[in-house]
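This briefing concerns the packing of one protein chain. Please look at the sequence and the model before reading the points below.

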Amino acid sequence: MQTLEKVLQQAQQRGVAIGHFNISDLVLLKAVFAAAQELKVPVIVGASEGERAFMGVHQIVALVRSLRDEFDFPIFLNADHTHSLAHAEEVARAGFDSIVFDLSALPWEENVRQTREAVIALKAINPSILVEGEIGDIGTGSEIHESVPDLSKGLTSPEQAKQFVEETGVDILAPAVGNMHGMISSMVRGDVKKRLDIERIAAIKKATHVPMTLHGGSGTNDDDFRKAIVAGINIIHINTELRVAWRRSLEASLAKKPAEVVPYKILPSVVESVKEVAGSRMALFNSAASVGQRV
C-alpha cells in the first residue's frame with residue numbers, strides 16, 4: 001500500500017486534489033469510503049479533537065486500518081485541527097497518517113516555535129507521519145453560522161508562508177486564501193458560494209513548493225475549486241456539507257418510518273445521502289479539467 005506522501009506526490013503530478021472528509025460516526029465513514037471505492041480515488045478521512053473524543057482515537061484508527069487492509073484501498077487518516085502537543089503525540093502513537101497541528105490562533109512567533117518543536121517530536125514518534133501547519137484566519141467551527149466573519153485581515157501572504165515552512169519544517173501548509181470553516185444559511189440553500197483568492201494560492205505555492213490544504217471547503221464555488229487545484233491546492237476539506245446531508249437524511253428517514261427503532265433499517269438511506277455528497281466532491285476534485293494545467 002502506498003503512503004499518503006506518495007499519493008500526494010501523484011496528485012500533484014496529475015493536477016488533482018485528494019478529498020478530505022471529516023467523520024464522527026460509522027455512517028459517515030461508510031459513506032465516504034463507499035464513494036471513494038466507487039470512483040476508485042484515494043481519500044482522506046479526518047477527525048478533529050471533538051470527533052476523536054466522541055469516537056475514540058484508537059477506535060478510529062482500527063476502523064480505517066481495517067478498511068485499508070481488507071480492501072487494499074488507499075484510505076488515510078488525518079488528525080484534524082489538533083491544538084496541543086499532548087494530543088498530537090497521542091495520535092502519532094496511535095497510527096494516524098497525518099496531523100493538522102493548528103496553532104494559528106497564537107501570535108506568529110509562538111505558532112512558529114511550537115510548530116517547529118511539534119514537527120521534531122512527532123517525527124521522532126513516527127517518522128512517516130505528515131505534519132501540517134496553519135497560518136492565517138479561516139474562522140472556527142464546521143457549523144451553520146449566522147453571518148460571514150471578516151477574514152480579510154487574516155489572509156496568508158506568500159512571504160509569511162515561505163518563512164513559516166522554512167522555519168518549522170512542516171510537510172503540508174494550510175493557508176488562509178478566502179476560505180472559511182462552516183457555512184451560512186444562504187450557502188446551505190445554494191444562494192451564495194464562497195470565493196477563493198486564486199492568485200494568492202498560486203503565489204504561495206510558488207514561494208513554498210510544498211503540498212497545500214484548503215480547509216473550510218464546504219459551500220465553495222465549483223469553478224474556484226478547479227482553479228485552486230490548478231494553482232496548487234492538493235487536499236480539500238469538506239465537513240459541513242456532509243453534516244447537513246447527514247442531518248437532513250436522518251430526519252427524512254425517521255419521518256418516513258416513525259415507528260422504526262432498528263438502527264440498521266433507519267441509517268442506510270443516510271449513508272446513501274452522505275455518499276452522494278462526498279462522491280460529487282471527489283469527482284470534482286479528480287476531474288480531468290485540471291489535469292496538465294499546473295501553474
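Which residues in α2 meet residues in α4? Leu26, Leu29, Phe33 and Gln37 of α2 meet Leu63, Val64, Leu67 and Phe71 of α4, where contact means heavy atoms within 4.5 Å. The model is a predicted one, in which local features need pLDDT of at least 70 and side-chain atom pairs count only at pLDDT 80 or more, while totals for chains, interfaces and linings use all residues. Residues are numbered from 1 along each chain as its sequence is written, and side-chain values use heavy atoms, with hydrogens and water left out.

**The chain as a whole**

- The protein chain has 13 helices and 10 strands; helices (H or I, at least four residues) and strands (E, at least two) are DSSP runs, numbered from the N terminus.
- Of the 295 residues in the protein chain, 53% are buried, a term that means under 20% relative accessible area with a 1.4 Å probe, protein chains only.
- Among contacts in the protein chain with a separation of 6 or more, 74% are between residues 24 or more positions apart.

**Helix α2 against helix α4**

- Helix α2 covers residues 26-39 and helix α4 covers residues 57-71; their axes come within 11 Å and cross at roughly 30°. Axes are lines fitted to C-alpha atoms, for helices over the stretch in contact, and angles run from 0 to 180 degrees between N-to-C directions.
- This angle makes α2 roughly parallel to α4, because angles under 35 degrees count as roughly parallel.
- The crossing of α2 and α4 is right-handed, meaning that the near helix is turned clockwise from the far one by less than a right angle.
- The contact of α2 with α4 has 7 nonpolar, 1 polar and no charged residues. In this scheme Ala, Val, Leu, Ile, Met, Phe, Trp, Tyr, Cys and Pro count as nonpolar, Asp, Glu, Lys and Arg as charged, and the others, Gly among them, as polar.

**Two further helix pairs**

- The axes of α4 and helix α5 (residues 85-94) come within 10 Å and cross at roughly 35°, and this crossing is right-handed.
- In α4, Val57, His58, Val61 and Arg65 meet Glu90, Val91 and Ala94 in α5; by class, this contact has 4 nonpolar, 1 polar and 2 charged residues.
- Helix α6 (residues 108-125) packs with helix α7 (residues 158-168) at an angle of about 35°, their axes being 8 Å apart.
- The residues of the contact of α6 with α7 include Trp108 and Val112 of α6 and Phe164 of α7; by class there are 4 nonpolar, 5 polar and 2 charged residues.

**Nonpolar cores**

- In soluble globular proteins, nonpolar side chains tend to be buried together.
- The largest nonpolar core has 71 residues, of which Ile75, Ile236 and Met282 touch the most other members. A nonpolar core is a set of buried Ala, Val, Leu, Ile, Met, Phe, Trp, Tyr and Cys residues joined through side-chain atoms within 4.5 Å.
- Helix α2 gives the most to this core, with 8 residues.
- Not counting residues up to four places away in sequence, Ile75 touches Leu29, Phe33, Val43, Val45, Val64, Leu67 and Arg68.

**The position of Gly133**

- Gly133 lies in strand β5 (residues 130-134) and counts as buried because its relative accessibility is 0%.
- Gly133 and His81 are 52 residues apart along the chain, and their C-alpha atoms are separated by 9.4 Å.
- Leaving aside neighbours within four places in sequence, Gly133 is in contact with Phe101, Phe164, Val170, Ile172, Leu173 and Ala174.

Methods
Parallel < 35°, antiparallel > 145°, perpendicular 65-115°, else oblique. Buried < 20%, exposed > 50% of the residue type's maximum accessible area, 1.4 Å probe, protein only.
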